[in-house]
Amino acid sequence: MKKILLLFAICLSYTANSQQNFDKKLILKQMIVANDYFMQKWPETGKTIITNKERPSNIWTRGVYYEGLMALHEIFPKDTYYDYAYSWAEFHKWGFNSGNTTRNADNYCAAQTYIDLYNLEPDSKKLKNTKANINMLLNTPQLEDWSWIDAIQMGMPVFAKMGVLEKDNRYFEKMYEMYMYSRNKHGDNGLFNAKEGLWWRDADFDPPYKEPNGKNCYWSRGNGWVIAALAKVLTIIPENAPHREQYVKDLKAMAAALVPIQRADGFWNVSLHDPTNFGEKETSGTALFIYGITYGINSGILKKETYLPVVQKAWNAVTTESLHTSGFLGFLQSTGKEPKDGQPLSYDKIPDFEDYGLGCFLLAGSEIYKMK
C-alpha cells in the first residue's frame, strides 16, 4: 500500500510540473517500476512465449524489450539488468530464431543487444552468430528485405553497430541501400510519402488504399519504428558517416508531420490521419515518437522551443494515463500491422505481448533522462 501511495504521489507531482523541466529522479523511478514489473513476471529469461502459439523468447518482441533494458542500463547500470540480458543471450546461445541464414530482420533484432553486451564485456562467442548472419546479408546482393517498415527498426541499428565495431563503411553502405529501397522502391513508389512526412506500413497500404475518411493510412506504431530507427542509428554512427544527412532529413520531416496530429491529451492516435478508424490513444507508438523527437532535441536536429512541449505533453500522457502503479502499461496495441489489429484498447487490457511496449517506454524515458 505504501508503494502504491508513493507512486500515486509521484504521478500527481509530475502532472503539476509537466510544463516545467523534467524531473530526472521521477523519470528513473517510472522506468524502474515498469521494468521491475516485467522482470518479476518473467524471471526465466529463456521461457517460451505462449499466445496463439508457442514462440522462443528471442523473437522481435523480446528483442525490442532488451533494447529498452540496455538503454535503461546505460543511464542506471545495475548488475541485475546486465545479468538479466546476459542470461537471455546465453540461453539462446547468442543466436537467432531461424538461425544464421535468416534474412528476416525480426529474427536478427536480438543482435542489437548482443552487440551492446559485447561492448560492455568483449567475448568472441557473443558475436559469432551476429557476424555470420550480418556478413551474409552484407555479402549478398538483395536489398529488398525490409519490405515492412517495422523491419527498419529491427535491422538497421544492427548494421550501424557492426559498422562502428568493425570500423567498416561497408555496413553503413548496405544499411543505406536497404533503407532507401524501402523508402523509395517498395510498393509502387516506395513506402515513404515525402509530401506528408509519414510511412505506409507496407505495400498493402500505399495508394490507392484509403482510410474510411478518404485519407492515407498511417499506422502509429509503424511510423514509430521508423523514427526510432533513425534516432538510434544517428546515435550510433560517426558524425562523418556516409549518408548521415539523409537520416537527419527524414527524422526532421517525420517530426514535423507528427506535431500537428498529436492528440489534445498528448498521445497519438493508432490511426494517425483518421481518428474515426480506431483512432484511440496508444502507448507504443507514442513512446517511440517521444524517443525519436527527444533524440532530435538532444542532438540539436530539432528546435527545443518547438518540440519540447510536444515531448512533455506526450510523456505526461503515457506516465499518468498508461503506466499503472504496478508497472503495467495500458493502452498498448497488440501485435499486428494496422490500426484495427488488437482492438479495442483500454487501460486494463493486457496485449498479446507485453515486452515490446515496455521496450519502447524504456527507450523514451532513457532519452528524456539524457536531456540537458
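**A walk through the predicted model**

Asn129 touches Lys93, Trp94, Gly95, Phe96 and Asn100, leaving out residues up to four places away in sequence. Keep in mind that this is a predicted model. Asn129 sits in helix H7, which covers residues 128–138. Is Asn129 buried or exposed? Its relative accessible area is 14%. Buried means under 20%, so Asn129 counts as buried.

Now look at what its side chain does. A polar atom there lies 3.0 Å from the backbone oxygen of Trp94. The side chain of Asn129 also makes a polar contact with the side chain of Asn100, at 2.9 Å.

Follow the first of these partners. Trp94 is in the loop between H4 and helix H5 (105–108). Trp94 is buried too, with a relative accessible area of 2%. Its backbone deserves a look. Most residues other than glycine have a negative phi. The phi of Trp94 is positive, near 55°.

Phe331 also has a positive phi, near 55°. Find Phe331 in the loop between H13 and H14. Phe331 is buried, at 14% relative accessible area.

Most peptide bonds are trans. Which kind of bond joins Gln343 and Pro344? That bond is cis, with omega about -5°. Pro344 lies in the loop between helix H13 (304–322) and helix H14 (355–369). The peptide bond from Pro207 to Pro208 is cis as well, with omega near 15°. Pro208 belongs to the loop between strand S4 (198–199) and helix H10 (220–236).

Go back to helix H4, residues 79–91, and find Tyr81. Tyr81 has 1% relative accessibility and counts as buried. Which residues does Tyr81 contact, beyond its neighbours within four places in sequence? They are Ile32, Asn35, Asp36, Met39, Leu69, Leu72, His73 and Phe76. Tyr66 is 15 residues away from Tyr81 in sequence, and their C-alpha atoms are 9.5 Å apart.

Finish with a pair of helices. The axes of H6 (residues 111–120) and H8 (residues 150–166) come within 9 Å and cross at roughly 30°. Angles under 35 degrees count as roughly parallel, so H6 and H8 are roughly parallel to each other. Their crossing is left-handed. On H6, the contact is made by Ala111, Gln112, Ile115, Asp116, Tyr118 and Asn119. On H8, the contact residues are Gln153, Met154, Pro157, Val158, Lys161, Met162 and Leu165. By class, this contact has eight nonpolar, three polar and two charged residues.

Definitions and conventions: Residues are numbered from 1 along each chain as its sequence is written. This is a predicted model: local features need pLDDT of at least 70, side-chain atom pairs count only at pLDDT 80 or more; totals for chains, interfaces and linings use all residues. Side-chain values use heavy atoms; hydrogens and water are left out. Axes are lines fitted to C-alpha atoms, for helices over the stretch in contact, and angles run from 0 to 180 degrees between N-to-C directions. Helices (H or I, at least four residues) and strands (E, at least two) are DSSP runs, numbered from the N terminus. Angles under 35 degrees count as roughly parallel, over 145 as roughly antiparallel, 65 to 115 as roughly perpendicular and the rest as oblique. A crossing is left-handed if the near helix is turned anticlockwise from the far one by less than a right angle, and right-handed if clockwise. Contact means heavy atoms within 4.5 Å. Ala, Val, Leu, Ile, Met, Phe, Trp, Tyr, Cys and Pro count as nonpolar, Asp, Glu, Lys and Arg as charged, and the others, Gly among them, as polar. Buried means under 20% relative accessible area, exposed over 50%, partly exposed in between (1.4 Å probe, protein chains only). A polar contact is a pair of N or O atoms within 3.5 Å; within protein, one must be able to donate a hydrogen and the other to accept it, and residues adjacent in sequence count only if both atoms are side-chain atoms.
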